[in-house]
Amino acid sequence: MPNRRVTVINHYAFPPGSGGITRNFDMFSRLKHWTPHFYAANINHTSGQKMTVDDPRYTLVPIPQYSGNGAKRILGWVAFAAGAGARALVRPADVIFASSPQILAPAAAMVVAKLRRKPFVVEVRDLWPDSLVSGGAVKEGSLLHKILVGLERTIYANARQIVVVPRGWEEHFEELGINTDKLTVVPNGADLAEYEVPESRDELRSQYGISGFTAVFSGTHANYVGLDLIIDAAQKLPDVNFLLVGGGARKQWAIDEVAERGLTNVTFHDQVPKSELVRILKACDVGLHTVTPQKVFNKGMSPNKLYDYMAAGLAVVSNAKVPLRDVISDDEVGAVVDPYDLVEGISRVRDADQAIRDRWHARGHDLMAHQFSLQASVNKLEAVLDKSLYR
């Protein structure tokens with residue numbers, strides 16, 4: 001099969017080594033018969049810093065620097081969509097691929113594909129505008145909401161193939177009048193080989209100053225991730241150490257809240273590249289996946305951090321029992337509890353005997369080796385791209 005070219009437009013497609021979400025790079029760089037070129041914003045969303053990259057497969061599109069969720073961030077969405085779209089118009093490609101969030105990036109890719117008369121594939125990692133409604137940024141039924149729903153429907157209708165991350169979103173597309181035959185579930189995943197490190201657990205704990213029973217949260221410190229629930233749990237469980245790794249708009253609030261409460265069992269660590277994150281995770285005992293309860297999450301989730309935890313050999317505690325119903329269940333790899341039962345879940349994992357922990361670890365390894373391996377997801381993505389070439 002000849003090698004084909006795919007243009008990937010994703011505002012948040014972080015280059016390797018920059019920290020943050022690298023799903024698109026991890027997957028597209030492993031394709032056998034496709035050569036990708038990525039268009040991403042030049043601002044790291046979690047740190048707010050400008051990024052540079054030497055990889056010729058990347059074009060970083062300039063956008064205004066911003067912090068928080070104000071007008072400059074929205075201006076950045078527009079600037080990225082316009083800049084990436086203009087550049088993609090002149091780059092040779094067999095397929096135009098775009099990923100959300102944000103919704104303007106797929107809109108730009110749709111226009112490019114139409115003008116270039118190329119197949120358009122959209123990856124939906126977040127249901128916009130549903131997520132904006134759940135987060136309180138947009139009022140359901142408002143004029144803006146109706147416009148965004150119309151744009152969402154148009155994007156999906158014009159896509160030849162649609163990639164979704166979790167199962168459970170089919171009804172959402174049906175309600176929009178979209179043929180679900182074009183949907184393919186390509187879950188997040190991890191490559192177990194990337195989680196093999198030469199250092200021992202004791203060496204890693206010494207290197208990063210980790211001691212005692214430690215629960216780690218890694219990822220964007222945003223409004224929707226339930227940082228308040230983690231801090232509440234830390235206050236109620238003084239014998240558990242909590243390590244929060246990453247950055248984001250809500251991080252300073254969390255730091256200030258921990259200081260105000262006088263908590264000594266919570267530590268913050270800056271965002272780090274994937275290779276270093278692996279080492280930090282392997283020095284901890286349990287990985288925390290938390291969300292602020294929102295109706296949109298109940299449609300299904302496939303969070304990156306969950307697979308990172310399991311690949312690193314950690315037990316998992318999540319307060320997303322309903323959203324994760326198609327991924328893991330309670331007592332399968334740890335504790336999966338209801339939204340406000342985080343303390344109970346952490347306590348149960350902390351108190352588990354070695355036999356139970358070994359069972360969780362074995363099951364987590366099995367899931368990552370077979371059901372959620374990165375290569376399995378890459379194979380599904382390659383099949384989607386191949387299929388998009390033919391009506």
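In which sense do strands β1 and β2 pair, and over how many bridges? I looked it up in this predicted model: β1 (residues 4–9) pairs with β2 in the parallel sense, over six bridges. I picked out one of the partners: Val6 has Pro36 in β2 as its bridge partner.

Next I checked for β3. Strand β3 (residues 58–61) runs parallel to β2, and four bridges join them. Here I noted Phe38, which stands opposite Tyr58 in β3. So I have β2 paired with β1 and also joined to β3, because at least two bridges between strands count as pairing.

Is β2 mostly covered or mostly open? Mostly covered: I find seven of the eight residues in 34–41 buried. A reminder to myself: side chains in a regular strand alternate between the two faces of the sheet.

Then the whole chain. I count 14 helices and 13 strands. The radius of gyration is 21 Å, which agrees with the value near 21 Å that a compact globule of 391 residues would have. The C-alpha atoms fill a box of roughly 60 × 45 × 40 Å along the principal axes. Buried residues make up 54% of the 391.

For contacts, I took residues at least 6 apart in sequence: 70% of these contacts join residues at least 24 apart.

Last, the surface and the charges. The chain exposes about 16,800 Å², with 51% of that supplied by carbon and sulfur atoms. I also noted 44 positive and 43 negative charges, whose mean positions are 10 Å apart.

Notes: Residues are numbered from 1 along each chain as its sequence is written. This is a predicted model: local features need pLDDT of at least 70, side-chain atom pairs count only at pLDDT 80 or more; totals for chains, interfaces and linings use all residues. Side-chain values use heavy atoms; hydrogens and water are left out. Buried means under 20% relative accessible area, exposed over 50%, partly exposed in between (1.4 Å probe, protein chains only). Helices (H or I, at least four residues) and strands (E, at least two) are DSSP runs, numbered from the N terminus. The radius of gyration is taken over C-alpha atoms; the globule rule is 2.2 Å times the number of residues to the power 0.38. Contact means heavy atoms within 4.5 Å. Accessible areas come from the Shrake-Rupley method with a 1.4 Å probe; for residues, only the protein chains shown count as cover. Lys and Arg count as positive and Asp and Glu as negative; His and the chain ends are not counted. The place of a charge is taken as NZ of Lys, CZ of Arg, CG of Asp or CD of Glu.
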